[in-house]
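Hello,

Here is the structure I said I would pass on. My notes on it follow below.

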Amino acid sequence: MAGNKEKNFASAVVYVKNDAARIGGFLTCLYGILEENFEKYEIICVNDNSSDGSGEAMRAFMRENRPARPLTIVNLSISQGMELAMNAGLDLAIGDFVFEFDRPQMDYPQEMVMESYRTALTGFD
């Protein structure tokens, strides 16, 4: 199936603020989508000075799941708010296409992630 995967390098930048309870499930879903559809990808989580153990939850996810690609975690020592935190993640992203997630929750069908990618490639006809 590797031959059918997208050749563009995809980056996913995720804003994390006190989301320890849901970050593992979100990362499982996101890794699945990216692994299925892209040959090369990265995930960058920006931890905006969470006080609930979100950073440890992300590290635990990596230890327990050992996904195909590493997770980059940016830990901000002072809360910056979503816009500045996301900019920090975007500064590190190297993808040809960047997915931005303002929270680790998919409250929409998973298929919309790839629909947004395809729409970006073809334009907004």
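N37 touches K5, E6, M114 and R118, leaving aside residues up to four places away in sequence; contact here means heavy atoms within 4.5 Å. This is a predicted model, in which local features need pLDDT of at least 70 and side-chain atom pairs count only at pLDDT 80 or more, while totals for chains, interfaces and linings use all residues. Residues are numbered from 1 along each chain as its sequence is written, and side-chain values use heavy atoms, with hydrogens and water left out.

N37 belongs to helix α1, residues 20–37. Helices (H or I, at least four residues) are DSSP runs, numbered from the N terminus. N37 counts as buried because its relative accessibility is 16%; buried means under 20% relative accessible area, with a 1.4 Å probe and protein chains only. A polar atom of the N37 side chain lies 2.8 Å from the backbone oxygen of I33.

S54 is in helix α2, residues 54–65. With 1% relative accessibility, S54 is buried too. Its side chain and that of D52 are joined by a polar contact of 2.6 Å. Such a contact is a pair of N or O atoms within 3.5 Å; within protein, one must be able to donate a hydrogen and the other to accept it, and residues adjacent in sequence count only if both atoms are side-chain atoms.

As for disulfides (a pair of cysteine sulfur atoms within 2.5 Å), the count is 0. C29 is in none, and the nearest cysteine sulfur, that of C45, is 13 Å away. C45 is buried, at 0% relative accessibility.

Regards

Conventions: Helix = DSSP H or I, 4+ residues; strand = E, 2+ residues; numbered from the N terminus. Buried < 20%, exposed > 50% of the residue type's maximum accessible area, 1.4 Å probe, protein only.
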